[in-house]
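Please have a look at it first.

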Amino acid sequence: MDKMTKKTVIVGASTNPSRYAFMAAERLVDNHHEIVPIGVKSGEVFGKSILDIGSKPSIEEVDTITLYIGPQHQKEHYEYLLSLKPKRVIFNPGTENAEFEKKVEESGAEALEACTLVMLSTGQY
């Protein structure tokens with residue numbers, strides 16, 4: 001594998017195979033990226049326990065945060081997510097949030113309105 005693996009925090013992780021967060025986890029694992037699923041529901045995704053976002057789990061060396069929670073649920077997590085010092089935050093369709101995108105960019109990270117699944121399938125991840 002010639003590409004660096006990108007540790008990706010999946011915010012709004014789900015054990016439901018019909019959810020985009022689940023599909024993204026599957027595709028990330030298939031593409032040899034390390035996943036750290038976090039959310040409000042407990043469970044396990046591809047051998048990784050879903051961490052409780054409310055407990056603000058400490059996660060080191062985060063490359064990417066991919067969001068699967070709507071803007072109305074993001075605000076309470078701004079500081080925590082930025083404290084993970086991601087290189088980029090992907091705002092998947094339905095999670096776009098101008099306020100948070102500005103904060104992400106002010107922190108020095110890249111804010112992308114994109115779809116993780118499309119990025120993976122087109123080799124842009």
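Let me begin with Leu67, whose bridge partner in β7 is Phe91. This is a predicted model, in which local features need pLDDT of at least 70 and side-chain atom pairs count only at pLDDT 80 or more, while totals for chains, interfaces and linings use all residues. Residues are numbered from 1 along each chain as its sequence is written, and side-chain values use heavy atoms, with hydrogens and water left out.

Strand β6, residues 64-67, and strand β7, residues 88-91, run parallel and are joined by four bridges; strands are DSSP runs of E with at least two residues, helices are runs of H or I with at least four, and both are numbered from the N terminus. Two strands are said to pair if DSSP finds at least two bridges between them.

Stepping back, the open sheet has six strands in the order β5-β2-β1-β6-β7-β8, with parallel pairing. At its edges stand β5 (51-52) and β8 (110-113), each with a single partner strand, so one side of each has no neighbour in the sheet.

As for the whole protein chain, it holds five helices and eight strands. Its radius of gyration, 13 Å, is close to the 14 Å that the globule rule gives for 125 residues, so the chain is as compact as a globular protein of that length; the radius is taken over C-alpha atoms, and the rule is 2.2 Å times the number of residues to the power 0.38. Along its principal axes, the C-alpha trace spans about 35 × 30 × 25 Å.
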